Amino acid sequence: MIPSMIVSASYRTDIPAFYGDWFMKRLAAGHALVANPYGGKPYRVSLAAGEVDGFVFWTRNIGPLHDRLAEIAAIAPFMVQFTITGYPRALEPGVIETETAIAQIRALSDSFGPRAVVWRYDPIVESSLTPPAWHRENFTRLAGALRGYVDEVTISFAQVYAKTSRNMDVAARDHGFAWGDPQGRDKRALAGALAEIAGSHGMRLTVCSQPEHTVDGAAPAQCIDAGRLSDLVDRAIKARVKGNRPGCLCSESRDIGAYDSCPQGCAYCYAVSSRDKAKRFLAAHDREAEALGSLA
């Protein structure tokens, strides 16, 4: 018997926004192949009813997949990790309008309940366009718009990898802003302020994979959450904690996405080295393929 598993779709790319047709074809086929991003052989992930415990979607735009969600829920419960930051276009040139994203979360919550969606204000980027005071005001506005529709908001602070730094430098040069990586005490001060705002709007604030930035009123996040999926179907879904990096408390899952495939162009993105490369990936994408990415 094949053990059940939670399927992540996907922290490597935005499947609902760009690859929903591919996902639905794989759902009908009952499996997907996944290129191993760390080398080695591709692996097979079952998407068949009875062999998948639940789906976790990561997105900034559920719109293209929204009308298929009931069909997906008939296979297994799903939850949506939905990012809305409301950043300036210099940082997020290709995301949908903030008001459209808010409306999508509200529609998700109305249709499937507030346990089906988590708002992500993530990552927090400090720049001359988005200083701490801007984040407090912006977060307050978004939390007010989402009050009653979500019960959790997850934050993290931008991880400055080499490609992140390179892409942020290019965006800063092109759009005339400055950016930096704040000290830990400054991050914790902002996390504390956001936790207070979240609480005043009926939300629990959690921190993704950065236990050093948890403060009073905030808890470590479990983004792939077997407990939340269990609540959606009123039965226990059991999965051990098996994070994908230090500090990660996610339930064990298999991700079916591919890096360098999301063309939204967020300057701080860890999963895309070049927006042009991601655009080429999308243009060459075969919705009939077993795998989202190349298996070569």
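This is a predicted model: local features need pLDDT of at least 70, side-chain atom pairs count only at pLDDT 80 or more; totals for chains, interfaces and linings use all residues.
Helix 7 gives the largest share of the lining of the largest pocket, with five residues.

**The largest pocket**

The volume of the largest pocket is about 1200 Å³. Its lining counts 48 residues, and those closest to the centre are Tyr-11, Tyr-268, Cys-269, Tyr-270 and Ala-271. Several elements each supply at least two lining residues. They are strand 4 (54-59), strand 5 (78-83), strand 6 (117-124), strand 8 (152-157) and helix 7 (162-175). By class, the lining holds 24 nonpolar residues, 15 polar ones and nine charged ones.

**Glu-152 in strand 8**

Glu-152 is part of strand 8. Is this residue buried or exposed? Glu-152 has a relative accessibility of 4%, so it counts as buried. Its side chain makes a polar contact of 3.5 Å with the side chain of Thr-154. Another polar contact, also of 3.5 Å, links the side chains of Glu-152 and Arg-204. Leaving out residues up to four places away in sequence, Glu-152 touches Val-118, Trp-119, Arg-204, Thr-206 and Arg-228.

**Nonpolar cores**

The largest nonpolar core has 75 residues. Which of them touch the most other members? They are Phe-23, Phe-55, Phe-57, Trp-119, Tyr-121, Leu-205 and Ile-256. Helix 8 (residues 184-200) gives the most to this core, six residues. A second core of 15 residues is separate, and its members include Tyr-11, Trp-58, Met-79 and Cys-223.

**Helix 2 and its cover**

Helix 2 spans residues 20-29. Its buried residues are Gly-20, Trp-22, Phe-23, Met-24, Arg-26 and Leu-27. What covers them? The cover includes strand 1 (6-9), helix 1 (15-18) and strand 2 (31-34). It also includes strand 4, helix 3 (63-66) and helix 4 (69-75). Just after helix 2 comes Gly-30, with a positive phi of about 90°.

Gly-94 sits in the loop between strand 5 and helix 5 (98-112). Its relative accessibility is 30%, so Gly-94 counts as partly exposed. Gly-94 and Gln-264 lie 170 residues apart in sequence, yet their C-alpha atoms are 4.2 Å apart in space. Apart from residues up to four places away in sequence, Gly-94 touches Arg-89, Gln-264 and Arg-275.

Ser-109 belongs to helix 5 itself. Ser-109 counts as buried because its relative accessible area is 7%, under the 20% cut-off. Neighbours within four places in sequence aside, Ser-109 is in contact with Pro-114, Val-117, Gly-148 and Tyr-149.

**Backbone details**

Two peptide bonds are described here. The one from Ala-9 to Ser-10 is cis, with omega near -5°. Ser-10 is in the loop between strand 1 and helix 1. The bond from Asp-122 to Pro-123 is cis as well, with omega near -5°. Pro-123 is placed in strand 6.

Two aspartates have a positive phi. Asp-234 has phi near 55°, a positive value in a residue other than glycine. Asp-234 is in the loop between helix 9 (226-233) and strand 12 (253-255). Asp-260 also has phi near 55°. Asp-260 lies in the loop between strand 12 and helix 10 (275-284). Are these residues buried or exposed? At 74% relative accessibility, Asp-234 is exposed, whereas Asp-260, at 14%, is buried.

The table collects the accessibility values.

| Residue | Relative accessibility | Class |
|---|---|---|
| Glu-152 | 4% | buried |
| Ser-109 | 7% | buried |
| Asp-260 | 14% | buried |
| Gly-94 | 30% | partly exposed |
| Asp-234 | 74% | exposed |

Notes. Residues are numbered from 1 along each chain as its sequence is written. Side-chain values use heavy atoms; hydrogens and water are left out. On a 1 Å grid over the protein atoms alone, a cavity is a set of points where a 1.4 Å probe fits but cannot get out, and a pocket is an open set with protein on both sides within 12 Å along at least five of seven lines; lining residues have an atom within 4 Å of a point. Grid points are joined across faces, edges and corners, and a volume is the space filled by probe spheres set on the points. Helices (H or I, at least four residues) and strands (E, at least two) are DSSP runs, numbered from the N terminus. Ala, Val, Leu, Ile, Met, Phe, Trp, Tyr, Cys and Pro count as nonpolar, Asp, Glu, Lys and Arg as charged, and the others, Gly among them, as polar. Buried means under 20% relative accessible area, exposed over 50%, partly exposed in between (1.4 Å probe, protein chains only). A polar contact is a pair of N or O atoms within 3.5 Å; within protein, one must be able to donate a hydrogen and the other to accept it, and residues adjacent in sequence count only if both atoms are side-chain atoms. Contact means heavy atoms within 4.5 Å. A nonpolar core is a set of buried Ala, Val, Leu, Ile, Met, Phe, Trp, Tyr and Cys residues joined through side-chain atoms within 4.5 Å.
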